[in-house]
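Morning, everyone. Let's get the structure up on the screen.

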Amino acid sequence: MLGRTYDSEVCSAARTLELVGERWSLLIVRNALFASATRYNDFSKRLGIATNILKTRLDGLVDAGIMERRSYSQNPELHEYLLTTKGRELVPVLLALTEWGDRWAAPDGPPILYSHSMCGGGISQQTVCTTCGQVHDPAEVQARPGPGMRAETAARMG
């Protein structure tokens, strides 16, 4: 199980999961991105999430810089939650999860279709090589040490 520190785990995927890996967090971001949800009640009604969990998740997303909290009423004091650039850049992550789910977890077909607002074309996520553009099989993808990896960890990767 991952903790809050990464002394032994040098992995951007693990760090990302710590921020948005809990299912309610990604569903909140999804609703903010694609269902125009911005207010506490929007998320509560659409997701059916317990209020204490919703508050914790929204606070966590704000603390992580994925959303920002803005006041829209002083009496009573009410806030809306808006995605930051960091939050909006989760679109490819959600699309990739959705595409995988459409293939492996949607027996009746995709429940939601995403399209390009400018031309109406369908949206898909693709893994591409930055040099040749080709990746035909997931087995062609390999992991190698990057500049953020400590030398002793890189040496163990071989």
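How many aromatic pairs does the count come to? One. Keep in mind that this is a predicted model. The pair is Phe34 with Tyr114. Centre to centre, the rings sit 4.7 Å apart, with 55° between the planes. Stacked, edge-to-face or tilted? Tilted, because only angles over 60 count as edge-to-face and only angles under 30 as stacked.

Where do the two partners sit in the chain? Phe34 belongs to helix α2, and Tyr114 to the loop between α6 and α7 (151-157). They are 80 residues apart, so the pair links distant parts of the chain. Now accessibility. Tyr114 has a relative accessible area of 18%, so Tyr114 is buried. Phe34 comes in at 37% relative accessibility and therefore counts as partly exposed.

Now the geometry. Helix α2 covers residues 23-34, and helix α6 covers residues 91-104. Their axes come within 11 Å. The crossing angle is roughly 110°. Angles of 65 to 115 count as roughly perpendicular, and α2 and α6 are therefore roughly perpendicular to each other.

One more ring before I stop. Which residue lies over the face of Tyr72? Arg39 does, at 3.6 Å from the ring centre.

Key
Residues are numbered from 1 along each chain as its sequence is written. This is a predicted model: local features need pLDDT of at least 70, side-chain atom pairs count only at pLDDT 80 or more; totals for chains, interfaces and linings use all residues. Side-chain values use heavy atoms; hydrogens and water are left out. Axes are lines fitted to C-alpha atoms, for helices over the stretch in contact, and angles run from 0 to 180 degrees between N-to-C directions. Helices (H or I, at least four residues) and strands (E, at least two) are DSSP runs, numbered from the N terminus. Angles under 35 degrees count as roughly parallel, over 145 as roughly antiparallel, 65 to 115 as roughly perpendicular and the rest as oblique. Rings of Phe, Tyr and Trp (its six-membered ring) pair if their centres lie within 6.5 Å; planes under 30 degrees apart count as stacked, over 60 as edge-to-face and the rest as tilted. Buried means under 20% relative accessible area, exposed over 50%, partly exposed in between (1.4 Å probe, protein chains only). A charge sits over a ring if NZ of Lys or CZ of Arg is within 6 Å of the ring centre and within 35 degrees of the ring normal.
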